[in-house]
Amino acid sequence: MPSSVITDTAALTTSERGDVHLSGVSKRFGETTAVQGLDLEVAQGEFVSMLGPSGSGKTTVLRMIAGFEDVTSGTVRIGGDDVTSLPAHRRPVNTVFQDYALFPHMTIAENVAYGLRVRGASAADRNDAVATALRQVRLEQHAARLPHQLSGGQRQRIALARALILRPRVLLLDEPLGALDKQLREEMQIELKLIQRDVGITFIFVTHDQEEALTLSDRVAVFNDGRIEQIGTAREVYEYPKTEFVARFLGLSNIIPADVAHRLTGTAQMMSVRPERVRLVTGAETPRDGDLVLEGTVAEVVYTGPTTRFVIDSTDGIRLLAENQNSHHPAADVSVARGDRVRVAWASDHAARIPDSH
C-alpha cells in the first residue's frame, strides 16, 4: 500500500508515529520575545492542548512545529529527527485551521483526495484512502456533495479528513472549532476526541477556551507570557494549579491570600478553592469537622440554569464564589437571598496550595 494512504495505526513503527520534542525553543520578533526557552515533550498518540490567552505564545509554538515560523534558538524534533531547519512541506505534520479552506467547486471526495492527487497517487489508491478517511470522520455518505451543502461541523470534519489522509506523524490544530456556535462546538469536541482515538495520531491543539482544553486533552499546557506555566492532565491543572495565573485562567477560582490562609490553617501560603467546592452554611447549620470557614454577606445570587452562583463579600475583604448544582425541584424557592449573613465553608483538602504566585 502506498505511504500516502491511511493504514491501521497499530502497525506503524515508532518513528512513523513520532513524538514531538521542543528543547530551549525561543522566538523573537525584533525586540519582542514571543516564546522564551520553552521545553515540551509530546508522546506518541497523545492529545495535548496548548491553552492560553491571546499573545501568550501558543500559536507561535504551533507555527514553529509546523515550520511556518523559524526558530530563533533551540531545537524542534519530530519522531527523533531534528526538523528545526526543514521547511514546512518537508515536515511530517499537517495543520488544520479555523478556516476550513475547502475548494467550493470540488465535491467532498475530491477535496479530501486533493493532497494525494498532488502527490501523484493513483486513482484507485485515492479512492480507497478517501473512503477510509470519510469513514473515520463518519461522513462517507456525503462524498458526492459540495462544501456549501454541509453544516459547519461537517465541513470541519472534512478538513480533518483531508489532513489525516496524508498520514502525518503529528496533526496540528489551530483553534479549529473557533468559528462554530456553542452547541456545535461542544458536539465537535466529542467528535474530535473520538476521531483522535480512532486514528491514533498525535494531536497538538491550540485553544483559548478552557473548557475545550479540559474536555479534549490527555494533557494541557497552560501558556502565559511566552512560556508554559504548568503542564499536566486536565484534572491536575484544574484541581492543583501551581500558580495564581493557572488557578484564575482555568475556570472560576477563589484565591485565598497568604495572610488569610495563615489564620485558617497556620500556613502562610496562598490557596485556591473552586466555587463548586464551597458550601454555604446558613441558620443553625454547623460546619463539618475539618472545614475551613469564613463569614460574609451575600452580594449577589446568580441563576445560571444548571447551577446557582452566590457571590459573598467576606469580613476578611475577600470576594468569594460558591456554586450549587440545581438538583432540587425547579419551582423550589432559593433559600439564600442578597444581603443575608452567611458562612462559607470548604474541606481543607479541597483547597490547592499555590507554591508559586508569580
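Colleague: In E16, which residue is the bridge partner of Val 311?

Modeller: In E16, Val 311 has Leu 321 as its bridge partner. Before going on: this is a predicted model, in which local features need pLDDT of at least 70 and side-chain atom pairs count only at pLDDT 80 or more, while totals for chains, interfaces and linings use all residues. Residues are numbered from 1 along each chain as its sequence is written, and side-chain values use heavy atoms, with hydrogens and water left out.

Colleague: How many bridges join E15 to E16?

Modeller: Strand E15 (residues 307-314) is joined to E16 by 7 bridges, and the two run antiparallel. Strands (E, at least two residues) and helices (H or I, at least four) are DSSP runs numbered from the N terminus, and two strands pair if DSSP finds at least two bridges between them.

Colleague: What is the strand order in that sheet?

Modeller: The order is E13-E17-E14-E15-E16, an open sheet of 5 strands with antiparallel pairing. Strand E13 (279-281) and strand E16 (319-325) are the edge strands, each pairing on one side only. On average, neighbouring strands of this sheet are turned by 45° against each other, direction ignored.

Colleague: Which strands does H10 lie across?

Modeller: Helix H10 (residues 258-265) lies across strand E14 (291-303) and strand E17 (341-347), and runs at about 130° to E14. Axes are lines fitted to C-alpha atoms, for helices over the stretch in contact, and angles run from 0 to 180 degrees between N-to-C directions.

Colleague: Switching to E8: buried or exposed?

Modeller: Buried: 6 of the 6 residues of strand E8 (residues 202-207) are, so the strand is largely enclosed by the rest of the structure. Buried means under 20% relative accessible area, exposed over 50%, and partly exposed in between (1.4 Å probe, protein chains only).

Colleague: Which side chains point which way?

Modeller: Thr 202, Ile 204 and Val 206 point one way from E8, and Phe 203, Phe 205 and Thr 207 point the other way. In a regular strand the side chains alternate between the two faces of the sheet.

Colleague: And what does E8 pair with?

Modeller: Strand E3 (residues 47-51) runs parallel to E8 and is joined to it by 5 bridges, with Leu 51 opposite Thr 207. Strand E7 (residues 170-174) also pairs with E8 in the parallel sense, over 5 bridges; there Val 170 has Thr 202 as its bridge partner.

Colleague: At what angle do H3 and H5 pack?

Modeller: Helix H3 (residues 108-119) and helix H5 (residues 152-164) pack at an angle of about 30°, their axes 7 Å apart.

Colleague: Which residues meet there?

Modeller: From H3, Ile 108, Asn 111 and Val 112 meet Ile 158, Ala 161 and Arg 162 of H5. Contact means heavy atoms within 4.5 Å.

Colleague: Last topic. Where is Thr 215, and what is it in contact with?

Modeller: Thr 215 is found in helix H7 (residues 210-216) and is partly exposed, with a relative accessible area of 37%. Leaving aside neighbours within four places in sequence, Thr 215 is in contact with Gln 189 and Ile 190. The C-alpha atoms of Thr 215 and Gln 189 are separated by 7.3 Å, and the two residues are 26 residues apart along the chain.

Colleague: Ser 272, then: buried or exposed?

Modeller: Ser 272, found in strand E12 (residues 271-273), counts as buried at 3% relative accessibility. Not counting residues up to four places away in sequence, Ser 272 touches several residues, including Pro 241, Asn 254 and His 350.
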